[in-house]
Structures are given as structure tokens and as C-alpha cells.
Amino acid sequence: MMSNDDFSSSPRKKQIAVIGASDPSASELQVATEVGSLLASKGVCLLSGGMGGIMEASCRGAFQSGGCTVGILPGAEGNQYLTITIKTRMDQARNVILVGSSDAVIAIGGGYGTLSEISYSLKSGIPVFGLFSWDIPGVIRCCSPGEAVQLALGKDD
């Protein structure tokens with residue numbers, strides 16, 4: 001049986017949310033898959049809305065690279081690449097839980113749902129890194145999946 005001491009010696013994994021459209025372009029899907037894979041290679045826990053599109057592509061990349069994926073679901077079902085599911089049954093209201101649980105957010109493309117998540121993140125002081133996403137004050141534009149992951153992890157090297 002594990003004691004509380006067992007957990008105190010291991011650092012908490014970073015939790016990075018990957019957000020974006022449920023109907024992205026092929027190039028956005030490719031970027032999302034690469035972001036997921038890179039996050040897994042860095043030992044990050046990937047959080048997403050747990051459904052299709054960018055959410056599924058990023059989870060697939062992380063899952064296939066041996067990473068942890070958590071879906072903050074609108075209902076009871078999510079994509080097949082989720083390691084952990086949080087069944088909120090809260091539809092779009094789950095967006096607040098998703099980004100509020102994150103250390104940073106990577107936005108890939110996206111529509112108004114993505115915009116709401118970006119807005120909540122920025123209002124909460126959670127950094128947002130954008131790839132082909134909304135060009136609004138506060139979103140740090142990135143040129144590649146590698147740059148987005150590196151900046152989301154807070155590493156300048």
C-alpha cells in the first residue's frame with residue numbers, strides 16, 4: 001500500500017491542454033498529432049475536450065508515443081485515445097474545467113468554442129500558444145509544433 005510519502009517525492013506532471021476545432025484541415029490534424037507526440041516525449045499529461053478533430057489527433061499522437069491523455073468530456077463518451085476520462089455531462093461548460101486544469105494551453109486552429117477556451121485561459125492567467133489559431137492579444141503565436149511545446153513547457157533552450 002502506498003503512503004502519502006510515496007507521492008510527495010515524485011513531482012507532478014505538467015498538464016497541457018490542446019484545444020481546437022472538431023472539423024480541422026488536414027494540415028491542422030497533422031500539427032495536432034505532432035504536438036501530442038512531442039508532449040508525450042516530454043512526460044507531459046495532455047488534456048483535451050476528448051472528442052474528435054484536433055482533440056482526437058493530439059490524443060492519438062500522445063497515446064501512440066506512450067503518453068497520458070485526459071479527456072474532459074461533454075458527455076459520457078470520448079475518443080479512443082483517452083487514458084483517463086472525466087465525464088462532466090456539462091457540454092460546453094466543461095471548457096472552464098479543461099483550461100482551468102491546465103498549466104498552459106496550445107490552440108490549433110479553432111472556432112468559437114476554441115475562442116471561449118482561449119478567453120477563459122487568458123482571463124485566468126494561463127498562457128496560450130497558438131498554431132494557426134486566433135490572432136488576438138495575449139495569444140503567443142508559434143511557427144511550429146516544437147516551438148509551441150517548448151514555450152508551453154517554459155523552456156527557452
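Predicted model: local features only at pLDDT ≥ 70, side-chain atom pairs only at ≥ 80, totals over all residues.
Residues are numbered from 1 along each chain as its sequence is written, and side-chain values use heavy atoms, with hydrogens and water left out.

T69 counts as buried because its relative accessibility is 0%; buried means under 20% relative accessible area, exposed over 50%, and partly exposed in between (1.4 Å probe, protein chains only). Leaving aside neighbours within four places in sequence, T69 is in contact with L46, C59, A62, F63, Y81, L82, T83 and I84, where contact means heavy atoms within 4.5 Å.

T69 lies in strand β3; strands (E, at least two residues) and helices (H or I, at least four) are DSSP runs, numbered from the N terminus. Seven strands make up an open, parallel sheet in the order β4-β3-β2-β1-β5-β6-β7. The edges belong to β4 (84-87) and β7 (139-141), each with a single partner strand, so one side of each has no neighbour in the sheet. Two strands pair if DSSP finds at least two bridges between them; β2 (residues 45-48) and β3 (residues 68-73) do so over four bridges, with L47 standing opposite V70 in β3.

Now for the helices. Helix α6 (residues 145-152) lies across β1, β5, β6 and β7, and runs at about 180 degrees to β6. Such angles run from 0 to 180 degrees between N-to-C directions, with axes fitted to C-alpha atoms, for helices over the stretch in contact.

Finally, look inside. A nonpolar core is a set of buried Ala, Val, Leu, Ile, Met, Phe, Trp, Tyr and Cys residues joined through side-chain atoms within 4.5 Å. The largest one has 26 residues, of which I16, V18, V35, L39, I106, I108 and L131 touch the most other members. Its largest share, five residues, comes from α2. Another core, of 15 residues, lies apart from it and includes I19, C45, V70 and V99. Back in the largest core, V18 has contacts beyond four places in sequence with V35, L39, L46, L47, S48, I54, S58, I106 and I108.
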